[in-house]
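Have the sequence at hand as you go.

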Amino acid sequence: ILWFHVLSVEDPQRTQVVTVPVVPINEPSELRAIAITPETVELRLRGRDSALSQVETGRIRMEANLRNAKVGDNDVPLRVTGVPLNLAVVPGYPTTAKVGMDTVITRARPVNESVRGVPARGFVIERVSVEPNEISVRGATSAVRDVARAVAVVDVSGINQSAPFEVRAEARDNRNVTVMGVELDPQIVTVTVQVRELNVKYVPVR
């Protein structure tokens, strides 16, 4: 009795609220999750103060099992993972989520270069080329259809000689806004920038 009394005083039981993400698992290879409701869930963890102070909330998540999901909206079960054994999850959290699924497709899109910055003094950009000039875009149908092109942004600030640059391409729509949730193949493209020195003579100012 004395031991439990001391334990309750020195290391009392308490409840802590944490917000964890809803993570899809067992996603069919031919389908892609495009919307999850809710995206996060609040969990109430119950346990000793010492255990709650040491918990790594980043490892706790809510898994949405998509094993039997189909195209369209699906009600899928949720399962809590990553909770330490010395803590308990208080009931009352959502046990299902609504997940929108779309078919995965692959389409070819052109690659455009985008130059940022200016070369060194006395030099101008003569030519810019990108290789390859076409890449594959893979993802949910709705996302891939939004992709108008891939853009490779290269910074030429201060360069004074022609050189190739290894650049990560980004998927963009018609408004030049980045499209998320798609995969590019290849992800890295080569942008070759050719510069030319101007016929300039520098003289002192008196």
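What follows is a short tour of two cis peptide bonds and two positive phi angles.

A word on the ground rules: this is a predicted model, in which local features need pLDDT of at least 70, side-chain atom pairs count only at pLDDT 80 or more, and totals for chains, interfaces and linings use all residues. Residues are numbered from 1 along each chain as its sequence is written, and side-chain values use heavy atoms, with hydrogens and water left out.

As background, most peptide bonds are trans, and most residues other than glycine have a negative phi.

Start with the cis bonds. Threonine 37 is joined to proline 38 by a cis peptide bond, with omega at about 0 degrees. You will find proline 38 in the loop that runs between β2 (31-37) and β3 (40-48); strands here are DSSP runs (E, at least two residues), numbered from the N terminus. Proline 132 sits in the loop between β8 (123-131) and β9 (134-140).

Now for the phi angles. Asparagine 26 is not a glycine, yet its phi is positive, at about 55 degrees. Its place is the loop between β1 (13-25) and β2. Is asparagine 26 buried, partly exposed or exposed? With 37% relative accessibility, asparagine 26 counts as partly exposed (buried means under 20% relative accessible area, exposed over 50%, and partly exposed in between, using a 1.4 Å probe and protein chains only).

Asparagine 176 also has a positive phi, near 70 degrees. This residue lies in the loop between β12 (170-172) and β13 (182-185), and its 40% relative accessibility makes asparagine 176 partly exposed.

Terms used: Helices (H or I, at least four residues) and strands (E, at least two) are DSSP runs, numbered from the N terminus.
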